[in-house]
Each structure stands twice: as C-alpha cells, then as structure tokens.
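Please open the structure in your viewer and keep the sequence panel at hand.

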Amino acid sequence: MSNFLNSFDISGYGLSAQRVRVNVISSNIANAQTTRTDEGGPYRRKEVVFKAINFNDYYNKALTDETNSAEYQDPLNEGEFGKKVNPAIMSVVVDKISRDDSKAQLKYEPNHPDADANGYVAYPNINPVVEMADLVEATRSYQANVAAFESAKNMANSAISLLQ
C-alpha cells in the first residue's frame, strides 16, 4: 500500500519544490528596483537549485527515524534475485537557494539618494523578462504535479470502487 501512496508523496515533493521556486522568483521581481539592502548594495538575484533523490531510500530513512517502523520492502519482489528496478523512483527536493553575484546594472541618476560620487546608481541584476519566463515554467511544472496527483487519486478511487 505504501508503494501506491509513493506517487502522492512524490507529487507533493514536486509541488513543494515548485512553490519554493515561485516564491524566489516573486522575490526577485519584487526587488527588481531595490538599491539598498541590509547587506549593503543592491538586491542580488536568487535562484533555486533542485536535487533528485532516490525516493525509496529517502522514504525508508524518514520511516525509521520518525516511527521506528520496519523498513519498506517491495511487496511484489521486483528486486528479487538481486535485480534492481531501473530507473529507481526519483523525487525532487530543494538543494539550495543560490545568489547571483554578477555585476549590478549601473544607471546614471545623480539625484538618487544611493548614487555614487559619479552619479551612478547600482540596480539589481534582474531581467524581468527572464523572471517572467521562469515563473511561467515553474507554474507549468506545478500544474503538471497537480495533474499527476489527480491521476493517482482517480486511480485510487477506481481501485476502491472495484472492491465495492
């Protein structure tokens, strides 16, 4: 049963990862004109880095750490005789949020309060067109995970209705 529920968990991890990505992109768009931060200087663009994980290993580690239960084993013995299922079931997690330290964009605005001695203001290295394209891609990935979740749910409902 837990193997069947893995598809819900994998879609959930994908939804969570894409939600983090949308939040970071939204933060980049919101700070596209921020010239002053607590660290000093303009806002720096951030980017999410994903990491693929073997879901069964991740699931078993969480299961043994949190519940002290027995490790999940393949009920169909698909790994019998030393054969491994290939490819392994992979999920995704957010590995890190990296900061883009490329040069800031300089604009000549001598009356701006953050202008340097030459009259140039350092603006964040954010291109709104690139951010919007990334946002559309993240939204589509989110929708794909929702569709996968809905398909798994429909399959579960069909299986339950067969047993009635």
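The stops that follow begin with the whole chain and then turn to individual elements and contacts.

**The whole chain**

Begin with the entire chain in cartoon view, bearing in mind that this is a predicted model. The secondary structure comprises 3 helices and 4 strands, and from the N terminus the order of elements is α-β-α-β-β-β-α. Of the 164 residues in the chain, 23% are buried.

**Residues 13-35**

Next, select residues 13-35, which an unreviewed UniProt entry lists as "domain: Flagellar basal body rod protein N-terminal". This stretch is 78% helix and 0% strand, and its end C-alpha atoms lie 35 Å apart.

**Helix 2**

Move on to helix 2, residues 55-67. Its 13 residues should span 18 Å at 1.5 Å a residue, and the distance of 17 Å between its end C-alpha atoms agrees with this. Just after helix 2, select N68, whose phi is positive at about 55°.

**Helix 3**

Now select residues 128-163, which form helix 3. This helix has 36 residues and reaches 53 Å from its first C-alpha to its last, close to the expected 52 Å. At its start, a side-chain oxygen of N127 comes to within 3.1 Å of the backbone nitrogen of V129.

Which residues of helix 3 are buried? They are E131, D134, L135, A138, N145, A152 and A156. An α-helix has 3.6 residues a turn, so residues three or four places apart point the same way.

P128 lies in helix 3 and is partly exposed, with a relative accessible area of 47%. Show N28 as well: P128 and N28 are 100 residues apart in sequence, yet their C-alpha atoms are 8.6 Å apart in space. F149 is also placed in helix 3 and, with a relative accessible area of 30%, is partly exposed. Its C-alpha atom is separated by 5.9 Å from that of F8, although F149 and F8 are 141 residues apart along the chain.

**Around D114**

T35 sits in the loop between helix 1 (2-30) and strand 1 (46-54); it counts as buried, at 12% relative accessibility. The T35 side chain makes a polar contact of 2.6 Å with the side chain of D114.

D114 also meets R36 in a salt bridge (2.7 Å, N to O). The pair links distant parts of the chain, 78 residues apart: D114 belongs to the loop between strand 3 (105-108) and strand 4, and R36 to the loop between helix 1 and strand 1. Is R36 buried or exposed? R36 is exposed, at a relative accessible area of 55%, while D114 is partly exposed at 24%.

**Further salt bridges**

The whole structure holds 8 salt bridges. Side chains of opposite charge can pair when their charged atoms come close. One example to select is R45 with E47, where the closest N and O atoms are 3.6 Å apart. R45 is buried at 11%, whereas E47 is partly exposed at 43%.

**A surface patch**

Finally, switch to a surface view and select L106, Y108 and Y120, which form a nonpolar patch with about 350 Å² of accessible area together. Y120 is found in strand 4, residues 120-123, and is partly exposed at 36% relative accessibility.

Definitions and conventions:
Residues numbered from 1 in each chain as written. Predicted model: local features only at pLDDT ≥ 70, side-chain atom pairs only at ≥ 80, totals over all residues. Heavy atoms only, no water. UniProt positions renumbered as here; feature names shortened; annotations may be inferred. Helix = DSSP H or I, 4+ residues; strand = E, 2+ residues; numbered from the N terminus. Expected span 1.5 Å × (residues − 1). Buried < 20%, exposed > 50% of the residue type's maximum accessible area, 1.4 Å probe, protein only. Polar contact = N/O pair within 3.5 Å; in protein donor to acceptor, adjacent residues only side chain to side chain. Patch = residues over 30% accessible without salt bridge, like charges linked within 9 Å, V, L, I, M, F, W, Y side chains within 5 Å. Areas by Shrake-Rupley, 256 points an atom, 1.4 Å probe, with all protein chains shown as cover. Salt bridge = Lys/Arg side-chain N within 4 Å of Asp/Glu carboxyl O.
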